[in-house]
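Welcome! Please take a moment with the sequence and the 3D view, and then let us walk through a few features together.

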Amino acid sequence: MKSRCGRRRQDILAFAAAMLVSLGGTATSVAFAAEVEPAEPREIASSGAETIRAPATFFTINAVLAKLDRERGRGPNAVRLAALTPSSPTATDAAPETDAPAGAPPVGNEPFGLFAFRAPDNAIWRKWRAVEAEIASEQALLERCRSDAATCPPNAAQFLRLVGAVKAKSGRAQLEEVNLGVNSAIRYVSDLVQHRELDRWSSPLASFATGKGDCEDYAIAKYAALREAGYPDTDMRLLLVRDRAVRQDHAVLAARLGGRWMILDNRWAGLREDNGDLNFAPLFAINHDGVHLFAKPYAKAAPLTAEAAPAAAGPDWAGSDPADTAGGGSLSTLPVAM
């Protein structure tokens, strides 16, 4: 029975022979033995009183490869390494940085310098479609009022007077006129108090008829009045935001003027620009193209620190306002730009 050391030495010699065959097949055990370093004899097996001893040999892979290179005429000092240390600690197949395509624009064309993409179908879409249908049906009443002012209901007449005042002005004065006019025509009352509902979006003439409404109703009336006055649809956004200052959901109208977005808010008599001073977290942008979610530009996006849920999985707009009960809105959990 062979000793454990004898079995280990046989395994080593078998491994060395296999390595030599795989590296070229030209080296033999005899040729190799002439090149290795002898060491002290070691006991490999014993049979009765007789002890068999054999010389121990040691070698390195680099030495074997260098020997093979010398045999193949690659020079007396040729050395071939089994492994090379990479010049860079990171291996990649990416193109050099100089050849990489240009990054995303630093800012988007939407309010707050963001981008927007179509939102999944949800309650906000249904509310907006209903409001658009009501605005379209009110168009017939406005046309009759224009042709026969004597039979025009007071709310429609008031709305048309505001539209006329807006059309008579231009530029920033148009936006100031519609902001102040709607803010004066509607008194803030929450949906819960007025309609016994958590969130209802009213059409412009409905809000002018009651003289009451919440933040969405102000923004919708301003949007409709500006559009009636000829303001481009592409330059308006009804924004659903999170007001960090009061930790409440809010709605305002954004109108683009001279390449800048101006914010029309029912809480302010004047206009404000869409900058960081507003402390808004924009959530949704709504116009004639439908409902869109905001997203940060790629070049500005910070790394995610937690796994985000799909946008469709988040709760719908709750429509809470600073005047409503405290507690914050439901959209603060949506995975959108903050």
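## A sulfur link

A disulfide is a pair of cysteine sulfur atoms within 2.5 Å. The model shown here is a predicted one, and by this rule the count comes to one disulfide. Which residues form the disulfide? The partners are Cys145 and Cys152, whose sulfur atoms lie 2.1 Å apart. Turn the view to look along the S-S bond: the angle about that bond is 90°, and the link of Cys145 and Cys152 is right-handed.

## Two helices side by side

Now find helix H5, residues 154-167, and helix H6, residues 172-185. Their axes are 8 Å apart, and the two helices pack at an angle of about 160°. Angles over 145 degrees count as roughly antiparallel, and H5 and H6 are therefore roughly antiparallel to each other. The crossing in which H5 passes H6 is right-handed.

Which residues meet where H5 and H6 pack? From H5 come Gln158, Leu162, Ala165, Val166 and Lys167, and they meet Gln174, Glu177, Val178, Gly181, Val182 and Ala185 of H6. Sorted by kind, the residues of this contact comprise six nonpolar, three polar and two charged.

## How confident is the prediction?

Across the protein, pLDDT averages 75, and 60% of the residues score at least 70.

Two stretches deserve a careful eye. Over residues 1-8 the pLDDT stays under 50, and the model has four contacts beyond four places in sequence for them. Over residues 320-338 the pLDDT also stays under 50, and here the model has 63 contacts beyond four places in sequence.

Notes: Residues are numbered from 1 along each chain as its sequence is written. This is a predicted model: local features need pLDDT of at least 70, side-chain atom pairs count only at pLDDT 80 or more; totals for chains, interfaces and linings use all residues. Side-chain values use heavy atoms; hydrogens and water are left out. pLDDT is the predictor's confidence in each residue, from 0 to 100. Contact means heavy atoms within 4.5 Å. Axes are lines fitted to C-alpha atoms, for helices over the stretch in contact, and angles run from 0 to 180 degrees between N-to-C directions. Helices (H or I, at least four residues) and strands (E, at least two) are DSSP runs, numbered from the N terminus. Angles under 35 degrees count as roughly parallel, over 145 as roughly antiparallel, 65 to 115 as roughly perpendicular and the rest as oblique. A crossing is left-handed if the near helix is turned anticlockwise from the far one by less than a right angle, and right-handed if clockwise. Ala, Val, Leu, Ile, Met, Phe, Trp, Tyr, Cys and Pro count as nonpolar, Asp, Glu, Lys and Arg as charged, and the others, Gly among them, as polar.
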